[in-house]
Amino acid sequence: MTSPKDEIPVALRPAPGRVGVGNNQPNVINIRCPYCRHNGSFGGFAGDRHHDITWQQHWGLVTEGKSPGPRSTAAQAGLRCCPNPKCDGLVFVIQSGGALLRSFPSETKEFDPAGIPEEVARCMSEAIECHAQGCYRAAALMVRRALEELCEDRGAKGATLEARIEALSASIVIPKGLIDGAHELRFLGNDAAHIVAKQYKNIGREETDLAIDVALTLLRATYQTVDLIARLKARKGSNPSPA
Ligand SMILES: [Zn+2]
């Protein structure tokens, strides 16, 4: 049986007794605010009491009572604040070797559901939320679901999702290269959405990140660009002709 500690990724926990407060002034972290959704440079708080905690991060399994593995990097964790004065939201960040490992609440991708059918938007929101929480396989399944809903809504037919996306591209304005590139996302090409599909085992942050961006681009091209063109056309009709 696993303890709650076993469920925490090893990269996110300092070895027992090795945490210090050092002289680590909080550095500035560039992230999208999970509250106001603006990109910002999040700083820490001034003063001696607000140092980050620091430790040496040992990579690989850390077994209590045994010496740690040979590889280690300097890690630190602490609070940061949104620079938007209307927000001031607090975020807890964990870094290793100068790179951001995790932030809580997590960064989420920007998504504007305007004009997108409710069910499609709901699937997409869930995919983005799963991605932000590090649940990449769940995110991949929800991206697929969003794309299937999108194709059904637009009447794009085909034997596989890949074929349906191809059919969809005939009715929306989108670069051909983007559709070809989408087929490289293996779990979108295979029609078995079940966990038995081998490729689901290898889905990570990068692949779901790309899949979400492809899906967002398809949604924008299908629902939001068309709406923008209609608004521009309506404006053209209501404007007096130039003299
Ligand atoms: Zn904010």
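Me: In what order do the elements of the protein chain run from the N terminus on?
Reply: This is a predicted model. From the N terminus the order is β-β-β-β-β-β-α-α-α-α-α-α. That comes to six strands and six helices.

Me: What share of the residues in the protein chain is buried?
Reply: 25% of the 243 residues.

Me: And the contacts in the protein chain, how many join residues at least 24 apart?
Reply: 58%, counted among contacts between residues at least 6 apart in sequence.

Me: On to helix packing. At what angle do H1 and H2 cross?
Reply: Roughly 165 degrees. H1 covers residues 118-132 and H2 covers residues 136-153, and their axes come within 8 Å.

Me: Roughly parallel or roughly antiparallel, then?
Reply: Roughly antiparallel, because the angle is over 145 degrees. The crossing of H1 past H2 is left-handed.

Me: Which residues make the contact?
Reply: From H1: Glu119, Val120, Cys123, Met124, Glu126, Ala127, Cys130 and His131. From H2: Tyr136, Ala138, Ala139, Met142, Val143, Arg145, Ala146, Glu149, Leu150 and Asp153.

Me: How do the residues of that H1 with H2 contact divide into nonpolar, polar and charged?
Reply: Twelve are nonpolar, one is polar and five are charged.

Me: Let me pick Met124. Buried or exposed?
Reply: Buried. Met124 sits in helix H1. Met124 has 25 C-beta neighbours inside 10 Å, so it passes the cut-off of 20 or more.

Me: What is Met124 in contact with, leaving aside neighbours within four places in sequence?
Reply: Phe111, Ala146, Ala215 and Leu219.

Me: How far is Met124 from Met142 in space?
Reply: 6.7 Å, C-alpha to C-alpha. In sequence the two are 18 residues apart.

Me: What about H2 and H3, at what angle do they pack?
Reply: About 50 degrees, with the axes 10 Å apart. H2 and H3 are therefore oblique to each other. H2 passes H3 in a left-handed crossing.

Me: Who meets whom there, H2 to H3?
Reply: H2 brings Arg144, Leu147, Glu148 and Cys151. H3 brings Leu161, Arg164, Ile165 and Leu168. The contact of H2 with H3 has five nonpolar residues, three charged and no polar.

Me: Which residues of H3 are buried?
Reply: Leu161, Arg164, Ile165 and Leu168, in a helix that runs over residues 161-168.

Me: Why are they on the same side of H3?
Reply: Because they cover an arc of only 100 degrees around the axis.

Me: Where is Asp227?
Reply: In helix H6, residues 205-238. Asp227 is partly exposed, with 13 other C-beta atoms within 10 Å.

Me: How far in sequence and in space is Asp227 from Gly115?
Reply: 112 residues in sequence, 7.7 Å in space, C-alpha to C-alpha.

Me: Last one: Asn202, buried or exposed?
Reply: Exposed, with 11 other C-beta atoms within 10 Å. Asn202 lies in the loop between helix H5 (186-189) and H6. Its C-alpha is 9.6 Å from that of Tyr136, 66 residues away along the chain. Tyr136 is one of the H2 residues in the contact with H1.

How values were computed
Residues numbered from 1 in each chain as written. Predicted model: local features only at pLDDT ≥ 70, side-chain atom pairs only at ≥ 80, totals over all residues. Axes fitted to C-alpha atoms, helices over the stretch in contact; angles between N-to-C directions. Helix = DSSP H or I, 4+ residues; strand = E, 2+ residues; numbered from the N terminus. Parallel < 35°, antiparallel > 145°, perpendicular 65-115°, else oblique. Left-handed = near helix turned anticlockwise from the far one by under 90°. Contact = placed C-beta atoms within 7 Å. Nonpolar A, V, L, I, M, F, W, Y, C, P; charged D, E, K, R; others polar. Buried ≥ 20, exposed ≤ 12 C-beta atoms within 10 Å, placed from the backbone. Arc of directions from axis to C-beta.
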